[in-house]
Amino acid sequence: MSPKALSQTLKRLESQNLVTRTVYAEVPARVEYSLTDLGRSAAVPLRSLREWVEANAGTG
């Protein structure tokens, strides 16, 4: 993934309240992202989706 694509994805996730962005006033600049409660709640359905894909990959 390119840095630009990663940046765009993180901005989109932040705008959807799935991650929070914390900027630290340091040199060099440091930014941390963390999941919000909403982001963490996505783990269960995403895990189910992953399991479904793995079980059905290559069929058909």
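A: What follows goes through the salt bridges, then the elements around them.

The model is predicted. It holds 4 salt bridges.

Start with the hairpin. Strand β1 covers residues 19-24 and strand β2 covers residues 30-35. The two strands run antiparallel and are joined by 6 bridges. Between them lie 5 residues, and together the strands form a hairpin.

A network of salt bridges sits here, linking Glu 26, Arg 30 and Glu 32. How exposed is Arg 30? Arg 30 has a relative accessible area of 32%, so it counts as partly exposed. Glu 32 is also partly exposed, because its relative accessibility is 36%. Both values fall between the cut-offs of 20% for buried and 50% for exposed.

Next comes helix α2, residues 37-41. Asp 37 and Arg 40 both lie in this helix. They are 3 residues apart, about one turn of the helix. Their side chains meet in a salt bridge, at 2.4 Å from N to O. The two ends fall in separate exposure classes. Asp 37 reaches 58% relative accessibility and therefore counts as exposed. Arg 40 has a relative accessible area of 45%, so it is partly exposed.

Helix α3, residues 43-56, carries another pair. Glu 54 and Arg 50 both lie in α3, 4 residues apart, again about one turn of the helix. Their side chains form a salt bridge at 3.6 Å, N to O. That distance lies within the 4 Å cut-off for a salt bridge. Glu 54 is exposed, with a relative accessible area of 55%. Arg 50 is partly exposed, at 45%.

After α3 comes Gly 58, with a positive phi near 85 degrees.

There is a nonpolar side to the picture too. Leu 46, Leu 49, Trp 52 and Val 53 form a nonpolar patch on the surface. Together they have about 430 Å² of accessible area. Leu 46 lies in helix α3. Its relative accessible area is 53%, so Leu 46 is exposed.

Last, helix α1, residues 3-15. Its 13 residues should span 18 Å at 1.5 Å a residue, and the end C-alpha atoms are 18 Å apart, which agrees. Asn 17 follows α1 and has a positive phi, near 60 degrees.

Glu 14 belongs to helix α1. Which residues does Glu 14 touch, not counting residues up to four places away in sequence? On that count, Glu 14 touches Val 19 and Arg 21. Glu 14 and Ser 34 are 20 residues apart along the chain, and their C-alpha atoms are separated by 9.6 Å. Glu 14 is partly exposed, because its relative accessible area is 33%.

Note on methods. Residues numbered from 1 in each chain as written. Predicted model: local features only at pLDDT ≥ 70, side-chain atom pairs only at ≥ 80, totals over all residues. Heavy atoms only, no water. Expected span 1.5 Å × (residues − 1). Patch = residues over 30% accessible without salt bridge, like charges linked within 9 Å, V, L, I, M, F, W, Y side chains within 5 Å. Areas by Shrake-Rupley, 256 points an atom, 1.4 Å probe, with all protein chains shown as cover. Buried < 20%, exposed > 50% of the residue type's maximum accessible area, 1.4 Å probe, protein only. Pairing = 2+ DSSP bridges. Contact = heavy atoms within 4.5 Å.
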